[in-house]
Amino acid sequence: MSSLRRILQKYGETIGPRGFCRPNVKPLSVGVSRANQTAKKPGKVAKETKPKATPLYDFHVSHKAKMVDFAGWQMPLLYEDQSIIDSHLHTRKHVSIFDVSHMQQAIVSGNDRLEFLESVCVSDVKNCPENSGQLSLLTNEKGGIIDDMIFMNTSRGYLHIVLNAGCAKKDMEHLSRKVADYQRSGKAVQIAFLQSEERALLAVQGPEMAQVLEAGTSDSLIKLPFMHTTLTTLFNFKCRITRCGYTGEDGVEISCLAKDATPLCETLLASSKGKVKMAGLAARDSLRLEAGLCLYGNDIDEDVSPVEAALSWTIGKRRRNEGGFPGSEVILGQLKNGVSMKRVGIVSSGAPARQGYPVTDQEGKPIGKITSGCPSPTLGKNISMAYVETPSSKNGTKVNIRVRNQDVQGQVVKMPFVPANYYHAKGHVAA
Amino acid sequence: MASTVWRVGVACFHRATDVTGRISRPTSRLRFSTSSFALAERLFTKKHEWILMDKEEGTVGITDYAQKALGDIVFAQLPDPGNEVTKGVECGALESVKAASEIYSPVTGTVIEKNVAAEEKPQLINKSCYKDGWLYKVHLSDPSELDALMKEKGYDDFVKALQDEDH
């Protein structure tokens with residue numbers, strides 16, 4: 001038995017019978033898709049790369065989801081009983097469950113784990129209180145963003161991290177290599193990537209989340225503020241509940257055994273404490289955009305730095321003084337001297353601004369490009385993110401967006417577009 | 001990138017514009033090569049537009065399959081009266097929360113009228129895609145183009161085949 005597995009079992013972290021993928025054994029064999037074995041495959045992609053199925057694949061199909069290929073996974077785009085706008089507004093008003101099992105979960109253990117994570121990301125991991133965590137960025141030597149991730153410093157001797165599905169392959173290679181380097185220098189660190197056949201991840205998001213979950217937890221959610229985590233049971237299913245999400249609403253992400261994902265979803269959907277519905281990737285995208293949250297591949301990538309991406313706040317104070325993270329010379333230089341382009345939010349009228357549309361100043365001079373955009377179901381206006389030249393990045397700056405050879409008027413605004421509704425547990429202390 | 005896999009048709013737009021604003025009407029009566037025409041039967045394209053003829057004028061809309069695939073339509077950009085449209089070429093756009101989708105004209109001709117009500121209230125296209133949610137009316141410059149379009153049965157079979165592929 002691996003030492004890592006022993007730690008997890010000792011502390012009760014739920015692992016399936018087959019454990020998890022050890023990077024040095026079979027680093028990329030994540031998730032043999034059940035759909036590949038049984039169900040009919042979507043015609044277009046079946047031959048080349050077989051899209052993988054999450055543990056909830058059959059559940060989605062039986063709930064009449066429109067399934068699409070996303071980052072190599074068959075994921076629900078939306079469900080037949082709701083339009084995107086319905087699903088979006090339902091999440092803002094009630095609560096929705098999103099299957100996010102396609103995201104890559106990993107466990108980092110060993111005595112030097114905090115120091116190790118600091119060697120690959122921008123956060124002050126060492127001073128992160130137990131059972132809490134942060135949004136962080138894995139950076140490259142140029143100061144670009146390899147991926148964004150959520151890490152949780154659990155009280156059980158390891159870090160729990162969640163990486164983007166679209167970056168999973170390169171992240172696993174990158175982190176496995178970094179771990180191997182670290183081990184060679186005599187440090188104690190291990191990483192294990194959880195397999196989707198073993199582990200699912202559900203995001204339960206919306207203002208009615210707490211009342212729905214409260215009925216099934218022994219630990220009160222009052223003691224679990226935003227960006228805190230606990231290993232617990234939910235309706236008798238062992239799971240890790242982390243208060244975070246990608247919608248701007250109060251919400252949690254629940255990491256549970258793959259076999260428990262469907263019964264847990266069914267239990268939550270049947271709740272009498274709140275109106276719970278399934279939601280797909282389409283609503284997830286419009287919700288995160290209203291919340292001003294970046295989508296990797298659209299709004300951030302390996303060619304933009306945290307400073308350009310307006311994500312400098314993720315860089316720990318101590319890290320700003322000490323440096324020592326990949327690309328820190330470039331990034332700290334940018335913090336001091338400024339950057340020429342910045343990510344901003346834009347509200348516009350007329351035809352919606354979409355990814356790739358050019359942004360100009362009022363004289364028609366090109367100043368940037370839209371990276372994400374949609375009509376906001378909550379605001380009834382068009383919202384977008386763009387990278388624009390720094391002099392045009394001030395709030396209130398009037399810009400034009402070129403849509404099908406016509407200009408629409410827009411204005412740079414502060415994000416989030418829709419105020420966040422996170423739970424900060426004033427007056428309560430984390431468990 | 002990963003994020004855009006499921007987005008449909010956020011494309012480069014090449015607009016065939018003619019802003020003379022003059023709508024020319026032919027002096028001679030048009031000769032139609034399709035006999036089904038007299039029955040004012042809807043004809044369909046593979047891009048999911050329909051056209052319904054009334055004498056020399058065709059009313060253009062999108063099909064039920066298309067409106068369902070788009071979802072809630074929140075913005076409609078329709079060709080203005082006087083615009084020249086070309087068969088198979090983009091002449092406007094319908095936008096849902098998730099994507100912008102082009103409208104491809106089923107025929108070549110001059111736009112006579114656009115559905116202002118549908119521009120003002122794009123949900124009309126979802127609610128009534130074959131009637132109140134029509135898009136524009138066009139005066140055909142070459143009615144023989146209609147011969148290449150599908151009749152209802154042909155289109156239904158085409159959609160069934162597409163749906164079969166999807167599942």
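Helices and strands are here DSSP runs, where a helix (H or I) has at least four residues and a strand (E) at least two, and they are numbered from the N terminus. Keep in mind throughout that this is a predicted model.

Begin by selecting chain B and colouring it by secondary structure, which brings up four helices and nine strands. If you then trace chain B along its sequence, the elements follow one another as β-β-β-α-β-β-β-β-β-α-α-β-α. Of the contacts in chain B between residues at least 6 apart in sequence, 67% link residues that are at least 24 apart.

Next, turn to chain A and select residues 84-93, which form helix α4, together with residues 281-290, which form helix α9. Two packed helices are described by the angle between their axes and the distance between those axes. How are α4(A) and α9(A) placed relative to each other? They pack at an angle of about 55 degrees, with their axes 9 Å apart, and they are therefore oblique to each other. The crossing of α4(A) and α9(A) is right-handed.

Finally, show the side chains where these helices meet: α4(A) contributes A:Ile84, A:Ser87, A:His88, A:Thr91 and A:Arg92, and α9(A) contributes A:Ala282, A:Ala283, A:Ser286, A:Leu287 and A:Glu290.

Note on methods:
Residues numbered from 1 in each chain as written. Chains lettered and ligands numbered in written order. Predicted model: local features only at pLDDT ≥ 70, side-chain atom pairs only at ≥ 80, totals over all residues. Heavy atoms only, no water. Axes fitted to C-alpha atoms, helices over the stretch in contact; angles between N-to-C directions. Parallel < 35°, antiparallel > 145°, perpendicular 65-115°, else oblique. Left-handed = near helix turned anticlockwise from the far one by under 90°. Contact = heavy atoms within 4.5 Å.
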